[in-house]
Amino acid sequence: MSLDLPATAAARATAAMPAGHVAPEGVGPEGVGPEGVGPEGVGPEGVGPDGVGPDGAADPAVVEAFAVALPVGRWSTDPAVVDAHRLDRSGWIPSGRPLGVAFARDVADVRATLRVATARRVPVTVRGAGTGLAGGAAAGQGGIVLDVAGMNRIRELSAEDSVAVVEPGVITADLDAAAQAVGLSYPPDPASAAISTIGGNIATNAGGLRCAKYGVTRESVLGLDVVLADGEMLRTGRRTVKGVAGYDLTSLFVGSEGTLGVVVAATVRLRPLARDPVTLAAFFDTLDAAVDAVTALGAAGVVPAVAELLDARTVRAVDAATGSDLAAQGAVFLLVQTDGPGAAAEADLAEAVLAARARRLRRSTDPQQAEELFAARRAALPALERLGRVLIEDIVVPRGALARAAARVTEIGAAHGVEIFTMAHAADGNLHPIIVVDPAEPEIPPRAWAAAEQIFALALDLGGTVTGEHGVGVLKQRWLAAELGPRAHDLQRRLRAVFDPAGILNPGRAL
């Protein structure tokens with residue numbers, strides 16, 4: 001079954017972008033990027049802005065090469081068009097402006113774009129909806145943007161095999177809705193599901209609200225069609241759930257942040273539609289009490305489909321933005337949902353655990369009430385973006401260290417005099433401490449960056465990671481090196497060069 005999705009991801013994402021969501025040029029208090037990323041947004045050694053002349057102007061021959069290679073209407077150098085497509089939601093602003101935007105509508109467009117880019121040594125930044133939070137889809141001087149939002153077709157949806165074949169611009173929530181129409185679901189459920197694309201989810205290995213039970217994007221991707229940097233096609237994986245022939249290149253591409261190739265189609269796993277979900281809304285006086293409750297759920301053997309936590313500051317921000325009354329019921333909000341044949345029994349066990357610790361507990365099987373609670377959780381980041389400029393962190397710690405991590409984040413905020421709002425995919429230890437800065441300040445102040453640095457160090461000290469689902473992008477490269485160690489870091493750099501010898505794909509990102 002082939003389904004055309006007429007609304008492009010770009011249009012929907014642009015409508016969802018908050019006003020004034022910006023960050024200083026470069027990364028960090030000095031206004032420049034982490035080691036290996038210069039202030040001009042130029043990538044690794046050997047990859048420069050070759051489409052730019054000595055005077056900083058675009059090389060007409062390079063610009064013309066893209067115009068000739070693509071069908072009419074699929075290449076633009078219009079400054080307004082470029083500005084509308086050169087940034088993502090991270091707020092990171094690279095120096096300079098890309099040469100232009102290539103709008104891919106089919107695989108041939110992607111192949112043609114990459115062939116020219118490799119021949120001319122022009123950096124390529126792949127963009128879907130632009131909802132990324134680590135700077136992975138922000139393009140700077142001398143490169144081009146490859147926009148794949150228009151590749152938005154569900155090519156196949158098989159109820160018999162429980163798989164779908166989709167293009168990268170398909171909106172995540174649209175795929176789930178199409179699956180639900182035949183009694184199935186697509187489990188990955190990032191908070192941005194209504195505007196983010198499958199391609200972007202694959203690039204960052206996005207998680208989301210249901211990942212506690214169903215896993216992150218990688219667990220749902222069976223195979224990929226990828227265009228490599230030289231324009232050649234590669235097919236990885238398979239259509240079957242099981243298969244171990246050869247190295248697992250599919251998993252390698254998932255989470256690679258556009259540095260190894262451009263995904264043009266994905267075969268994804270669908271699951272039976274969850275039946276009879278039970279939703280529990282628990283309210284606590286303190287963050288410590290809520291985190292203790294999450295730990296107790298795990299100890300009791302509860303494996304919820306959803307376990308989402310909002311701290312007191314975030315709850316108040318959501319109330320102010322949406323008109324909800326969460327804070328009147330308790331300072332800290334924990335949303336838990338069980339599903340499947342044993343949902344009621346598991347909810348009984350979860351209810352007993354939470355009732356012993358929560359200030360207030362509500363239980364519901366009403367889909368409308370559940371949707372209202374989920375909407376409150378999804379509104380959290382937009383609510384914070386209304387308050388000022390945000391610096392969004394994404395750390396994961398072992399579940400047993402969740403309480404210590406949450407407490408230390410609070411201490412770090414107090415020590416540096418910055419407001420930190422914490423939300424979490426609590427069941428798997430994924431914390432999102434979000435620093436909000438007064439929008440009147442001309443740039444994110446050093447004290448905010450210092451707090452962020454300590455949060456990254458905290459994650460590593462507790463045996464965790466500096467990113468669980470947003471990716472490394474440009475914002476976390478130094479901490480990635482610290483997490484991987486020199487040997488693994490070097491090996492990954494060399495592996496990247498195997499797929500992209502000229503270094504044109506998203507240079508200066510991820511590694």
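The entries below go from the whole chain to single side chains.

**Ground rules.** I am working with a predicted model, where local features need pLDDT of at least 70, side-chain atom pairs count only at pLDDT 80 or more, and totals for chains, interfaces and linings use all residues. Residues are numbered from 1 along each chain as its sequence is written, and side-chain values use heavy atoms, with hydrogens and water left out.

**Whole chain.** I looked up the secondary structure and found 17 helices and 20 strands. Helices (H or I, at least four residues) and strands (E, at least two) are DSSP runs, numbered from the N terminus. Of the 511 residues, 56% count as buried. Buried means under 20% relative accessible area, exposed over 50%, and partly exposed in between (1.4 Å probe, protein chains only). I then took the contacts with a separation of 6 or more: 74% of them join residues 24 or more positions apart. Contact means heavy atoms within 4.5 Å.

**Helix H2.** I took residues 60–69 next. Val62, Val63, Ala65 and Phe66 are buried. These buried residues fall within an arc of 155 degrees seen down the axis of H2, so they line one face of the helix. The arc is that of the directions from the helix axis to the C-beta atoms. An α-helix has 3.6 residues a turn, so residues three or four places apart point the same way. Pro60 and Val68 are exposed, on the face of H2 turned away from its buried side. I checked what covers the buried residues: strand E2 (75–76), helix H4 (107–120) and strand E5 (144–147) are included. At the start of H2, a side-chain oxygen of Asp59 comes within 2.9 Å of the backbone nitrogen of Ala61.

**Helix H5.** Residues 172–180 have Thr172, Leu175, Asp176, Ala178 and Ala179 buried. Their arc is within 160 degrees down the axis of H5, so they too line one face of the helix.

**Helices H9 and H11.** H9 (residues 287–299) packs on H11 (residues 343–355) at an angle of about 145 degrees, and the axes are 9 Å apart. Axes are lines fitted to C-alpha atoms, for helices over the stretch in contact, and angles run from 0 to 180 degrees between N-to-C directions. Which residues of H9 and H11 make the contact? I found Ala293, Ala296 and Leu297 on H9, with Ala350, Val353 and Leu354 on H11. By class, that gives 6 nonpolar, no polar and no charged residues.

**Asp394.** This residue sits in the loop between strand E17 (389–392) and strand E18 (395–396). Is Asp394 buried or exposed? I read a relative accessible area of 0%, so Asp394 is buried. The Asp394 side chain reaches the backbone nitrogen of Glu469 at 2.9 Å. The backbone nitrogen of His470 lies 2.8 Å from a polar atom of that side chain. Gly471 is 77 residues from Asp394 in sequence, but 8.5 Å away in space, C-alpha to C-alpha.

**Thr465.** I found Thr465 in the loop between helix H15 (446–461) and helix H16 (477–484). Its side chain makes a polar contact with the side chain of Glu483 at 2.8 Å. A polar contact is a pair of N or O atoms within 3.5 Å; within protein, one must be able to donate a hydrogen and the other to accept it, and residues adjacent in sequence count only if both atoms are side-chain atoms. The Thr465 side chain also reaches the backbone oxygen of Thr467 at 3.4 Å. Beyond four places in sequence, Thr465 touches residues including Asp394, Ile395 and Ala459.

How values were computed: Ala, Val, Leu, Ile, Met, Phe, Trp, Tyr, Cys and Pro count as nonpolar, Asp, Glu, Lys and Arg as charged, and the others, Gly among them, as polar.
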